[in-house]
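Please look through the structure shown below, together with its sequence, before reading on.

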Amino acid sequence: MTGQTTVRPTAPAVVRRDRPTALPERAEAPVAAGEARLVTGEPGCGRSRFLDRAARAFTAGPVVHVRADPAAATVPYAGLRALLGLFAEPNAHRPAAPPRTGRHALDPLDAPSADVALRSALRTASADGPLLVCVDDAHLWDPASRAALGRLGRDPRAAGAVALLLTAPGHRPLDPEFAGIPPLRLDPLTAAASAALLDEETGGSLDRGVRDDLVAEAEGNPALLLALLRSLTPAQLRGRAPLPRPLADAELLTALVGGCPSALTAEEEQVLLTAAAAVREAEDGSAAVAPVRRALARLTGGAPAARLDPPPDLLVLGDGRLRFRSALVRRALYARAGERGRRAAHRALAAQETGLPGLLHHAWAEPADAATATDGAAAALATALAAAAGDPAVPASPRLRCAALARAADLTGDGPDQARHRLAAAQQALLAGQPHRALRLLDAVRTGAPDAELRGRAELLRGAALLRDGPVDEARATLLLAKSLLAAHAPAAALAATLGAADAAWAAGDVPGCLEALAEGRGEKEPEAPSGTPAGPGAASADPAASLASGDDVLREHRRGMLALLERRFGAAVRSLRRVVDAAAPGDRVETLLRAAAAALLMGDLVGARGAATAALVAARTQGEAAALGPALEYLAYTELRAGRHGLARTHAEEGLRAAQRAGQRNTAAHHHAAQALAASIDGDADAVARHVRHAQEISLRHGLAQAATLAEWALARADLGDGRPAEAADRLGPLVRPGPGRGHFAVWMLAVPCFVEAAARAGRGGSAGPVVEEFAEWARFGADPQAPAQLLRCRALLAPPDRADGLYESALALHDTAGGDFERARTEFLYGQWLRRRRRLREARDRLGAALVGFERCGARAWAEQARAELRANGTSAGGARAGDLSALTPQQLRIVHHVAGGATNREIAQALTVSTRTVDYHLRKVFAALGVRSRVELARLVEQTEKTPAHP
């Protein structure tokens with residue numbers, strides 16, 4: 001076995017431009033000493049490049065990197081000898097060479113001696129520190145070497161401080177020798193990662209439209225992406241010459257998958273082609289086995305089904321469904337079959353399928369376009385296909401409806417019908433999370449639309465796509481154009497464009513632009529029929545082009561509410577937005593629920609926002625609307641952030657980020673990054689804050705997302721404040737919250753004011769915070785943030801003279817009891833405790849700081865909890881509270897509550913026994929937990945039991 005081998009301490013590996021470049025999400029070392037991973041994925045997924053990056057990320061010790069030689073695959077123990085040979089030869093970069101190990105160490109050639117030799121060599125090589133062993137294409141090793149490697153992978157600790165990374169293709173059955181090694185599958189690149197890879201390869205010189213075409217065609221496969229890039233001429237790369245169609249032809253696809261589909265019998269080729277045709281537009285890449293078998297029997301003249309089983313290394317059957325192990329292999333098989341073979345397969349499937357899938361297979365069996373279709377059958381088929389795809393009663397995913405409508409357009413002659421089919425297909429593509437497909441369909445509509453209404457509807461959809469993945473200024477201009485084109489012909493669609501343009505201006509932080517978009521123009525009519533609208537001025541928005549079930553009045557109220565809010569007519573805004581929220585109900589269309597969630601958030605109705613966003617998430621999953629998953633999860637993440645449930649917010653944002661990336665929604669992804677940064681700033685995870693802020697700001701700068709950028713900046717400042725750096729936090733927040741050209745987004749700066757006031761006061765700059773507190777008071781009176789009234793009193797207490805601060809803190813805590821939220825209450829307790837300690841009111845300070853510590857720990861605010869512990873130590877109290885068994889510091893009421901808890905009583909039972917409210921019991925218990933250093937009722941009961949058993953000192 002020969003090939004690339006590397007032994008080095010930490011020196012970077014050579015970067016090879018003939019392999020896909022790994023991107024940041026794949027750059028972390030995936031394995032530690034004493035662990036093993038089997039890296040898998042389909043052809044071209046970048047397994048080799050992943051190993052290179054993992055080797056560079058492994059800085060704990062030397063790295064041994066071996067690439068298999070297929071020519072030695074039949075020589076027993078050839079692979080193992082090559083690996084051991086690396087340790088036998090001197091190497092200046094190796095910190096400590098192990099004893100010389102040669103081929104004689106594997107004689108006689110049996111498994112025990114192989115295991116002994118391998119583990120001995122690795123144990124010696126890792127004696128001075130961890131060692132990483134990378135074996136690329138391990139499946140190409142000879143069977144004996146694979147078996148030895150597999151045994152090591154199942155028990156890597158037996159070889160000392162060794163980390164093991166193996167690669168093997170994931171589109172074929174796993175070699176039994178590697179069973180039991182934890183797999184690490186490389187998923188397809190996201191659209192954003194694919195675009196970044198192309199920008200890196202071309203220095204950003206690639207035409208944007210060409211780049212988007214390549215990203216869509218590659219479907220996340222980096223090898224295919226780069227192969228497509230290299231197949232284009234300079235003129236095509238710059239967008240000055242048309243691209244070849246198809247972009248990925250049979251020759252290119254077959255070359256990329258290597259010998260996987262080769263050496264197939266004619267019968268196997270037919271099985272695989274029919275299966276590939278069956279899953280062509282399947283949402284999950286699978287199809288039912290039964291109709292495929294019947295279609296195969298039809299194609300082969302009634303051959304027995306038992307003879308039609310597929311090759312198991314390419315196709316998987318289970319639970320009555322079939323799927324390909326590799327999407328790239330499926331595409332290669334389908335492409336190389338030729339048009340005649342593909343049409344025959346679809347014709348056979350059309351005879352077995354019913355409903356929209358059957359019609360679509362029938363349509364694919366027709367020639368490629370209407371010009372070559374036979375007689376008038378194509379036109380009739382196109383009409384039937386479009387009718388079925390547009391019927392909401394027909395069960396089908398948006399992806400399937402899009403394919404059907406696009407095919408109907410292909411089978412229809414030039415004219416308004418073809419434009420309408422493409423327009424409807426683009427709308428379904430957006431719902432399916434396929435924005436590039438939608439934009440290409442809209443390009444065709446733009447050139448062929450015969451009237452202003454069709455052009456306006458096309459611009460409305462284009463603006464909807466840009467709103468989620470493009471410069472928001474361009475989205476706003478596009479939607480305003482749609483509004484002007486539709487105003488005289490389709491008032492409902494014009495209103496949808498109006499709200500979409502307002503959303504775009506909102507995302508950009510452009511108040512005049514919002515007002516301009518929402519203002520009614522001369523001659524503008526009220527809508528005559530419900531139509532889609534963005535979800536309001538929150539971070540996410542619903543699809544502006546989809547129809548609404550809630551009626552014209554709700555659309556008008558949505559517009560009025562946004563306009564009144566921007567004009568600071570808060571009472572009118574609440575009335576209109578409340579009607580929007582009340583009009584929504586579970587089971588409504590997704591966009592209706594998203595709009596209701598946005599309106600609820602604007603009013604501070606967190607319960608309503610949570611309910612509407614959750615219902616939207618369920619509806620999106622049920623209806624297959626992939627484009628709505630990211631926005632729905634975004635609303636949930638921001639709702640939980642406002643409620644102080646940061647762990648749950650982080651969970652929603654993580655899932656939402658994945659959904660947004662799959663759907664090609666970079667703007668939505670930016671907000672999920674910002675939400676994760678805000679949540680991580682509470683957790684004290686500085687690395688996560690920096691990482692998510694960087695991603696959010698990169699997208700925000702490209703697309704003009706002022707709102708996401710301001711949220712990210714706030715997250716950095718809050719992390720500074722949590723780490724005890726108030727001066728840095730004040731410096732960062734000052735420009736965002738003070739009036740002036742540098743002020744942050746108008747919907748965010750007011751939320752950040754309490755952080756700024758706290759940072760300024762703790763840094764000794766409280767005088768600079770006075771003006772913004774008065775502006776914040778107006779926001780608190782609006783009622784859009786349940787925490788704002790308590791935060792306002794806390795801000796006033798921070799800036800007040802000593803004779804007033806005490807009462808303001810107490811009043812703030814009373815309001816926190818009403819608003820809820822552990823984190824904000826804990827912050828007020830902490831600041832009050834600091835204030836009390838500095839005035840030598842040590843016992844009161846201990847109570848407040850102890851309660852703050854419990855609150856911070858309860859909500860996972862680790863950095864803030866550490867600050868509370870430091871204050872308790874400075875107060876002369878251990879962070880753990882009173883000594884075990886010392887209940888003397890408790891008040892009589894607290895002692896009574898403690899004994900009830902020890903007896904197993906609930907808070908309600910204690911409240912009834914003591915004739916107090918359950919809120920009072922909860923308040924005293926928080927203080928008890930903080931004072932005694934316990935975290936649960938069980939610990940408290942155990943402490944009481946121990947105290948009662950311990951005799952008192954004389």
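**A walk through the predicted model**

In helix α19, the residues A452, E453, R455, G456, R457, E459, L460, R462, G463, A464, L466 and L467 meet V472, E474, A475, T478, L479, L481, A482, L485 and L486 of helix α20, where contact means heavy atoms within 4.5 Å. Helices here are DSSP runs of H or I with at least four residues, strands are runs of E with at least two, and both are numbered from the N terminus. The model is a predicted one, in which local features need pLDDT of at least 70 and side-chain atom pairs count only at pLDDT 80 or more, while totals for chains, interfaces and linings use all residues. Residues are numbered from 1 along each chain as its sequence is written, and side-chain values use heavy atoms, with hydrogens and water left out.

Two packed helices are described by the angle between their axes and the distance between the axes. Helix α19 (residues 452–468) and helix α20 (residues 472–486) pack with their axes 8 Å apart and at an angle of about 160°; the axes are lines fitted to C-alpha atoms, for helices over the stretch in contact, and angles run from 0 to 180 degrees between N-to-C directions. That makes α19 roughly antiparallel to α20, given that angles under 35 degrees count as roughly parallel, over 145 as roughly antiparallel, 65 to 115 as roughly perpendicular and the rest as oblique. The crossing of α19 and α20 is left-handed, a term used if the near helix is turned anticlockwise from the far one by less than a right angle, and right-handed if clockwise.

A second pair can be described in the same terms. The axes of helix α29 (residues 666–683) and helix α30 (residues 686–703) cross at roughly 150° and come within 8 Å, and α29 and α30 are therefore roughly antiparallel to each other. Their crossing, too, is left-handed. Among the residues that meet are R666, N667, H673 and S681 in α29 and A688, H692, I699 and H703 in α30.

The protein chain as a whole has 43 helices and nine strands. Of its 954 residues, 55% are buried, where buried means under 20% relative accessible area, exposed over 50%, and partly exposed in between, with a 1.4 Å probe and protein chains only. Among contacts between residues at least 6 apart in sequence, 68% join residues at least 24 apart.

Helix α31 (residues 706–722) has 17 residues and reaches 24 Å from its first C-alpha to its last, close to the 24 Å expected at 1.5 Å a residue, the expected span being 1.5 Å times one less than the number of residues. Of the 17 residues of α31, 15 are buried, so this helix is largely enclosed by the rest of the structure. G724 follows α31 and has a positive phi, near 80°. Helix α16 (residues 398–410) has 13 residues and reaches 18 Å, close to the 18 Å expected. Eleven of the 13 residues of α16 are buried, so it is largely enclosed by the rest of the structure, and the buried ones include P398, L400, C402 and R407.

Turning to the strands, three of them form an open antiparallel sheet in the order β7-β9-β8, where two strands pair if DSSP finds at least two bridges between them. The edges are β7 (286–288) and β8 (315–318), each with a single partner strand, so one side of each is left without a neighbour in the sheet. Neighbouring strands of this sheet are turned by 25° against each other on average, direction ignored. Three bridges join β7 to β9 (residues 321–324), and the partner of S286 in β9 is R323. Helix α11 (residues 289–299) lies across β7, β8 and β9, running at about 70° to β7.

Elsewhere, strand β3 (residues 63–67) is mostly covered, with five of its five residues buried. V63, H65 and R67 lie on one side and V64 and V66 on the other, and both faces are covered. Five bridges join β3 to β4, and these two strands run parallel, with V66 opposite V135 in β4.
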